[in-house]
Amino acid sequence: MQVREKLRILADAAKYDASCASSGGPKRDSLGTGGIGSTDKGMGICHAYTPDGRCVSLLKILLTNQCLYDCAYCINRRSSNVPRAKFTVDEIVQLTLDFYKRNYIEGLFLSSGIVKSHDETMEEMTRVAKSLREEHKFGGYIHLKLIAGASPELIAEAGRYADRVSVNVELPREDTLATLAPEKRADVIRGSMAKVTLGIEEGKEKNAPKFAPAGQSTQMIVGADGADDRDILEASAQLYSGYRLRRVYYSAFSPIPDSTARLPLKAAPLMREHRLYQADWMMRFYGFEAKEIVTGEDGLLDLAIDPKLAWALAHRDDFPIDVNTADRELLLRVPGLGVKSIDRILMARRHRNLGLDDVARLTRSLNKCRPFLIARDWRPLADVENLRAKLAPEPAQLDLFA
Ligand code: SF4
């Protein structure tokens, strides 16, 4: 099979993996080594390669879409009737270099189905990264998706050459993982994540060899099992604290051909994925705990409004708060106020008593935060009618994610 045809199949097969962003990688200086590339090209957000070669940041491919496993939610599962292909190590190395030199990409995202064994697959993936770094002095970004259960030596080697590594937890609940991916084991996945966490910590020590300097991430499929958003956020919170992950990525389930009756027939709404990302942000940057974010009794985030606004509306008694005296933690809970706006407010109020005009200049969403704030010349009405309706986005904006 021609490399071009392999690329068509294996780039398409990789598009289901959301855990691909190059932000957070420190500069890998290739200039002193006479190599090519640098990760220091701004916030390189990963976009999957399109087969016609247009406008890509990372070459996002699988080593192979052959797989020994039969995970029900996966298009590449053993029983799936899709065309199969497999790259050689040299083919991936050459493609990466060619695309890089043509300025199509800033780096490589490499994942794979499992062929022969965990270790043989992982070993081939690692050889790609090793060849790029050592033989070709490639300084661009590399994200390797680790095969859960691969040997510690191979994980260590992957971490040495990759900027970021990730192991997919796949599903938020361990019981449904056992049902939908019977060959996968949650303890094996978490064991591999723990090895990566340890490698990253050791890599930070003085004079230690670098290990995945852009950290570790993972991906969860949303809507393939019965997990609600509360389950998902609690699983994420445990992953962040237990394995110090940089990111958890959420991927809305979409039905795949010939799938089992155990899977839903309908795709999960993209808006659900979007709301989970917003909720995830609240945990990482606004000090919310997973268990308090979902306010509805059904355990699901409100699709019509963002979760910070939903939380504030469900806790109206905690508001309004005084923008001139409230501490940072409280301000972080105000809808429409982000970290940068709050830093500006804290700085500005050292010098003067802030009025609503000041808040308007220091923030980007005055309409959203105004009902929850007191300022020098502003106090919202105690009970604004239809506040939710007033602050919800237009239906047309929601349709974008339907
Ligand atoms: S192991 Fe990975 S590639 Fe193979 S079926 Fe499961 S999810 Fe798909």
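Tutor: On a 1 Å grid over the protein atoms alone, a cavity is a set of points where a 1.4 Å probe fits but cannot get out, while a pocket is an open set with protein on both sides within 12 Å along at least five of seven lines. A residue belongs to the lining if it has an atom within 4 Å of a point. A molecule sits in such a space if more than half of its atoms lie within 2 Å of the grid points. Here, the ligand takes up the largest pocket. The model is predicted: local features need pLDDT of at least 70, side-chain atom pairs count only at pLDDT 80 or more, and totals for chains, interfaces and linings use all residues. Residues are numbered from 1 along each chain as its sequence is written, and side-chain values use heavy atoms, with hydrogens and water left out.

Student: What volume does the largest pocket have, and which residues are the closest to its centre?

Tutor: A volume is the space filled by probe spheres set on the points, with grid points joined across faces, edges and corners. For the largest pocket this is about 920 Å³. Its lining has 43 residues, and Tyr 73, Cys 74, Asn 168, Glu 170 and Lys 184 are the closest to the centre.

Student: What lines the second largest pocket?

Tutor: That pocket has a volume of about 560 Å³. Among its 19 lining residues, Trp 281, Tyr 286, Gly 338, Val 339 and Arg 364 are the closest to the centre. The lining divides into 8 nonpolar, 5 polar and 6 charged residues.

Student: How many cavities of 30 Å³ or more are there?

Tutor: The count is 1. The largest cavity holds about 50 Å³ of space, and its lining includes Val 169, Leu 171, Arg 173 and Ile 189. By class, that lining has 6 nonpolar, no polar and 3 charged residues.

Student: Now the charged contacts. How many salt bridges are there?

Tutor: A salt bridge is a side-chain nitrogen of Lys or Arg within 4 Å of a carboxyl oxygen of Asp or Glu. The count comes to 26. In one of them, Asp 175 pairs with Arg 173, with the closest N and O atoms 3.0 Å apart. Lys 204 pairs with Glu 201 at 3.3 Å.

Student: Is Asp 358 buried or exposed?

Tutor: Buried means under 20% relative accessible area, exposed over 50%, and partly exposed in between (1.4 Å probe, protein chains only). Asp 358 is buried at 8%, whereas its salt-bridge partner Arg 352 is partly exposed at 36%. The closest N and O atoms of this pair are 3.4 Å apart. Salt bridges that share partners join Arg 352, Asp 358, Arg 361, Arg 376 and Asp 377 into one network. By contrast, Lys 204 is exposed at 60%.

Key: Ala, Val, Leu, Ile, Met, Phe, Trp, Tyr, Cys and Pro count as nonpolar, Asp, Glu, Lys and Arg as charged, and the others, Gly among them, as polar.
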